[in-house]
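Please read each point with the structure open.

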Amino acid sequence: MGDKNPDKQRVLAGSPVYQKPEILEAFLASLKNLLSRGISIDFMFVDDNVNEASSRMLAAFQREGSSVLTVRGEEKGQYLCNEESHAWNGSLMLKVANYKNAIIRHAIQNGYDFLFLVDSDLIIHPTLIEHLKILRKDIVSEIFWSRWHNGKPLEPNVWLFDEYDLVPKTPGEELTEKEKETRQRKFLNQLKVPGVYEVGGLGACTLLSRNALLKNVNFSPIKNLTIWGEDRFFCVRAAVLGLDLFVDTHYPAYHIYRESDLPGVSAYVEKNAADVSFVREYKETGNKITLSMIVKDEEHRYLRRVLEGLKGHIDEAVIIDDGSTDDTVGICKRILTDIPLRVVENKESLFSNESALRKRQWDETVKTKPDWILNLDADELLEDNFWESVQGQIDDTDYDMYCFRLYDMWNATHYREDEHWNAHRSYRPFLLRYQPAFRYLWNESSQHCGRFPMNLFSFRKSDAAARVQHLGWATEEDREAKFKRYQALDPDAVYGSKAQYDSILDASPNLVKWEAGAAE
C-alpha cells in the first residue's frame, strides 16, 4: 500500500513502458531511489512491452511506501529504435497519447495532487519530484539533453514555438540566418544554467498539478494542426487553457536514447548519490573571512579604495592578478600587509575566457581552506554597515550564503536604473561558507559565467541589508572601455544582452541618487 500520511501531498508517477530490459532496469532503479520526505509517491505503468523480460521486471517493481499499479497495454504497433534514431508513426503516437490520457484519468479519479509523467528511458535525480513540486508551477518539465541523430549536437526536450523552434522571437519578427543562429545559441546556453524558464513546448519528464489536470489538459490529437506529436498537442492545449509551461534546469535527467548511452548511467547515478549524501559542515564560533579577488591594471582605478574599506575586516586574502602591467600587485601587498595574503600571477590573461579565470580564482582560494569566501571585484565597494554585525552572521549556523544587491554607479553620486540596468532589484551571492565535500559545478560560458559555482541553489541563504556599489561604470572612460570590450569579446551578444550592450553609451540614462545607509 502507498503512504497514506495525510500531511503529505500525493504524487502519481506514470509511464507507458515499451522498453529493452537493460534500459528499463536503470529507469526503475532511479524510481526506486526517489526521495519523498514531504510527499508520497505511487506509480502507474502501462506495460506495452513485447519483451517478456521487460514485462516481468515491471511486474516485480516495488518501492517501500508506494503502491504500484501496472495495466496491460492493449493497442497494437511496435516502436522501433536503433543506434541512429527512433522511428515513430501516427498510430504509435496515438497509442502513446491514449496511454498517457489513461494515466491522467487515474490521477484525477484517485485524488492525486500531482502527476509526474516520465519516459522509461530516463534516469532522474532522487530529489527531482520534491524539487519540482516546490516550484509551484502547474506544468514544469526537467531538462535533459539528447543527440536525436548521430553526428548532431545535443538538444533539449523543450522548445519555444511550433514543432521544435529554438529561436526566441516576437510575432512577425523577421530575422537573418545569423541572428537566428545567435539567438538559438543564446537560448541553449541559458538552459545550461540552473534556473526555471518559460518555454512553449516540453515533454517526457513533466510534473502536472491537479489544477492543470482538472482543466482537462491531455494528449489527444488536435485535428486542425499540422504539427505532429502527442507532446505538441498537449502543449498547445495547455497554452489555450491558460496554463504556462516551464522548464527547470537544476537537476537534469539522463537520457538513454541509445544503448550506447548505457555506460554513462553509472557516472550519473554516482554523482546523484554524492549530492544526496552530502553532509553540511560548519563552525559555530571563530569563523574567518577570506577575500577572493581578481585584479588587472587597477593602479589608477578603485583598488585602493576597495581594499582600504576591507582592511581590518577580512582575515585572509587570495588575489589573482590577470596580467597587470602596473603597480596593482604592489598596492595589494602594501595595503594587506597585516594579514596572510596569497597572490597568484597569471602569465597570460584569461579574461577572454571568464569561466577559466573564475575557476582558477576558486581553486586557488579553496587551497587556503577558508571558512567563508568574500568574492568581490576590484571595483565593488561593500557598505560599511555590513561589518557592524559580521561575526554574528558568519557564526550563524543557519546560513551558508549571504546575498547582496549590486548597484551600477553611473557617477560618484548616482546609480543607473532602467529596463536594462536593474541588478539592484535582486540579491546575488557575494559571501559563501565553503563546503569541502560539496560537488561544485561551473557555468562554462566564456563571458558572464558568474563569480561563484552555478549550483549553489540548495545552500541556505540570507539576504543582507548592506549593499554593494559597482564603480566599474562610474566614468565615461570606464563605459567606453567596457563597450569596446564587449564588442570584441561578445560581438553577437551570445552571453549577454545586446540591448544592454547598446545602451552602455546612452547619452541621458535614468539616474537615481545614492543615499548612504538607505534601506530600500
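1. Thr182 and its contacts. Setting aside neighbours within four places in sequence, Thr182 is in contact with Asp492 and Val494, where contact means heavy atoms within 4.5 Å. Thr182 belongs to helix H5, which covers residues 177-190. Helices are DSSP runs of H or I with at least four residues, strands are runs of E with at least two, and both are numbered from the N terminus. Thr182 counts as buried because its relative accessible area is 5%. The classes are buried under 20% relative accessible area, exposed over 50% and partly exposed in between, with a 1.4 Å probe and protein chains only.

2. Basis of the model. This is a predicted model, in which local features need pLDDT of at least 70 and side-chain atom pairs count only at pLDDT 80 or more, while totals for chains, interfaces and linings use all residues. Residues are numbered from 1 along each chain as its sequence is written, and side-chain values use heavy atoms, with hydrogens and water left out.

3. Overall form. The protein contains 14 helices and 24 strands. Along the principal axes, the C-alpha atoms fill a box of roughly 80 × 55 × 45 Å. Of the 520 residues, 51% count as buried. Among contacts between residues at least 6 apart in sequence, 76% join residues at least 24 apart.

4. A parallel strand pair. Strand E15 (residues 289-295) and E16 pair in the parallel sense over 6 bridges; two strands pair if DSSP finds at least two bridges between them. Ile294 stands opposite Ile320 in E16.

5. Positive phi values. Which of the two sites below is exposed, and which is buried? Asp162, in the loop between strand E10 (155-156) and H5, has a phi near 55 degrees, a positive value in a residue other than glycine. Asp162 is exposed because its relative accessible area is 57%. Ala204 lies in the loop between strand E11 (196-199) and strand E12 (205-209), and its phi is also positive, at about 80 degrees, although it is not a glycine. Ala204 counts as buried because its relative accessibility is 10%.

6. Lys311 is located between helix H9 (303-310) and E16. At 38% relative accessibility, Lys311 counts as partly exposed. Not counting residues up to four places away in sequence, Lys311 touches Ile335 and Asp338. The C-alpha atoms of Lys311 and Ile339 are separated by 9.0 Å, and the two residues are 28 apart along the chain.

7. Phe438. What does Phe438 touch, apart from residues up to four places away in sequence? The residues are Phe278, Asn455, Ser458 and Phe459. Phe438 sits in the loop between strand E22 (428-433) and strand E23 (461-470), and it is buried, with a relative accessible area of 13%. From C-alpha to C-alpha, Phe438 and Asp113 are 33 Å apart in space, and they are 325 residues apart in sequence.
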